[in-house]
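The following exercises are to be worked through with the sequence and the coordinates at hand. Each task is followed by a stepwise solution.

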Amino acid sequence: MGTDLLERRAVISGVGQSAIGRRVERSGLQLTLDAVLAAVEDAGLTLDDIDGLAMFPGGGAANLPGYANGNLYEVQDALRITTTWRQGIIEGMALPFYGPAMAVATGQARHVVVWRTVKEGSAARAAGGRPAYGAGKPVAEGPLAWLLPIGMLSPVCQVAPYAARYMHEYGVTREQLAWIPVTQRAHAALNPDAVYRSALTVDDYLAARMISTPMCLYDCDVPADGATAIVVSAAGTAPALRAPVRIEAMAGVVEGRPSWEQWEDMGRVGHGAARAMWARTGLRPGDVDVAQLYDGFTIEAVWWLEAMGFCGTGEAGAFVEGGERIALDGELPLNTWGGQLSGGRLHAAFGHTAEAVRQLRGEAGARQVRGAEVAAVTNVGGLEAGAALLTRWN
Amino acid sequence: MDATPGIPPAVTEETGPFWAAAREGRLVVEQCASCGAESFPPRGICRSCRGRTMVHAEITGRGTVYSLTVNHQRWLPGLQVPYAIVLVEFPGHPGVRVAGRLRGCPPEEAAIGMTVDIGFEPGPGGFAIPSFVAAP
Ligand SMILES: [Zn+2]
């Protein structure tokens, strides 16, 4: 352990976002360019400094409308960037900054921009609701071949059995878990870029329509349009950067079956990545000042609360009940931008990473957590999993 | 029974035998010729000993629901909701968990731990899809 860790040779130097909303009337490419340019400026760099580009997802990934935007070739062509390292990833990203950090730590590039651009808000509107898988392809391939034919037509249906099993095993209730979306909505009210900012109550949650039991509308993240870009730089360039943030530790362990329906223990997810991450740092869960935990669905935030050791396995219901512990002035402020549940499904922990950086710089405005020095960031949980700690530069 | 709307599976070298047996109302999984371990979904290799010679074994006993969801969202035109989807495991068949529809009881009566019989129903593209039946 110590300074020879690869991630200590990398810093997150910039974050930038396009307009974010249920519907933003710009192409995926224009949203991407907005975010990339903002992130590079935020880092205190110019485009001429950039020598690495990365995006998620690469290629023609995913059979979901609006999911993949901001093609790497088009962005590189538009910005006239010469790259010494590139990455377009479908599987195995772990965290947005994971691959870029390895690239700058090993000298393959000095400043890498990685982006994620979604147009799923517009796609949902066009489909008359959250789209199903399969709108783009007539047959279900690979892992989806076991899910789409039987009617598991959305990520909601894939994740719902995890929530059902978790609640069954540990006796956790919807009344308890409601406090995650309810508290995050209160945070979103302080974030001008959040998609949903109006107050949400536990009663609203309990009255909401079911999508796929036990998950209701407010357990699902909000399909959105928007782009997030992150600049990752070699730590040696820090003197030239405006406000870098350290990567204290990161890990991307996937243990168990990387499959939505075959995951062996649906009550416990993400523990392998979290354990590996904690083995790379002397910090402990009690040192974390602010937590940006992946929340594609409420239950995913539950996985990470427990996997990261912020509470014990099966204890997340009691931990979040009442909302005090996860509020901005609580012991573990959770998803301070509103998370994907209210801030928008910017996906793959790009929104979470951007918020962690802002909190550690003291640039989070009305939702700033006072004295935030250590931030946790996690991504997905099962078939993809990443966990990291980011820390303030000084 | 009307066919369930949805997206049909792509059939591959590994999955063809499963879908062919499904059409006959039989649930088959891969079984290793070397060590006897069963694997699902089929990968053409034993997940236990990594042997490459796999035969097909039929599972005939009752299963137990590991977890489930009742879907209320009409994801596709013509999709009848709500419906229950169950993840079923089989006593004596470690390594095998099969996802399917549930019938034989109202969706809201689906529960973790309930016993189900193996079955299939007409699905998209002329395929027969797993459709477990609540045991009396
Ligand atoms: Zn074997």
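**Exercise 1.** In which sense do strand S1 (residues 10-17) of chain A and S8(A) pair, and over how many bridges?

Solution. The model is a predicted one.
Step 1. S1 and S8 of chain A run antiparallel to each other, and their pairing comprises 2 bridges.
Step 2. At the level of residues, A:Ile12 has A:Val245 as its bridge partner in S8(A).

**Exercise 2.** Into which domains is chain A divided, and how far apart do their C-alpha centres lie?

Solution. 
Step 1. Domain 1 of chain A consists of 6-125 + 224-240, and domain 2 of chain A of 154-221 + 245-392.
Step 2. A distance of 23 Å separates the C-alpha centres of the two domains.
Step 3. To their contact, domain 1 of chain A contributes 36 residues and domain 2 of chain A contributes 37 residues.

**Exercise 3.** Describe the secondary structure of chain B and of the region annotated within it.

Solution. 
Step 1. Chain B holds 1 helix and 9 strands. Read from the N terminus, the order of its elements is α-β-β-β-β-β-β-β-β-β.
Step 2. An unreviewed UniProt entry lists residues 58-120 of chain B as "domain: ChsH2 C-terminal OB-fold".
Step 3. Residues 58-120 of chain B are 0% helix and 46% strand, with 14 Å between the end C-alpha atoms.

**Exercise 4.** What radius of gyration does chain B have, and what would a compact globule with 136 residues have?

Solution. 
Step 1. For a compact globule with 136 residues, the radius of gyration would be near 14 Å.
Step 2. Chain B has 15 Å, which agrees with that value.
Step 3. Along the principal axes, the C-alpha atoms of chain B fill a box of roughly 45 × 30 × 20 Å.
Step 4. Of the 136 residues in chain B, 51% are buried. The chain exposes about 6,100 Å², of which carbon and sulfur atoms supply 49%.
Step 5. Among contacts in chain B between residues at least 6 apart in sequence, 52% link residues at least 24 apart.

Methods:
Residues are numbered from 1 along each chain as its sequence is written. Chains are lettered from A and ligands numbered from 1 in the order in which they are written. This is a predicted model: local features need pLDDT of at least 70, side-chain atom pairs count only at pLDDT 80 or more; totals for chains, interfaces and linings use all residues. Side-chain values use heavy atoms; hydrogens and water are left out. Two strands pair if DSSP finds at least two bridges between them. Helices (H or I, at least four residues) and strands (E, at least two) are DSSP runs, numbered from the N terminus. UniProt positions are given in the numbering used here, feature names are shortened, and annotations may be inferred rather than shown by experiment. The radius of gyration is taken over C-alpha atoms; the globule rule is 2.2 Å times the number of residues to the power 0.38. Buried means under 20% relative accessible area, exposed over 50%, partly exposed in between (1.4 Å probe, protein chains only). Contact means heavy atoms within 4.5 Å. Accessible areas come from the Shrake-Rupley method with a 1.4 Å probe; for residues, only the protein chains shown count as cover. Domain bounds come from an automatic or database domain assignment.
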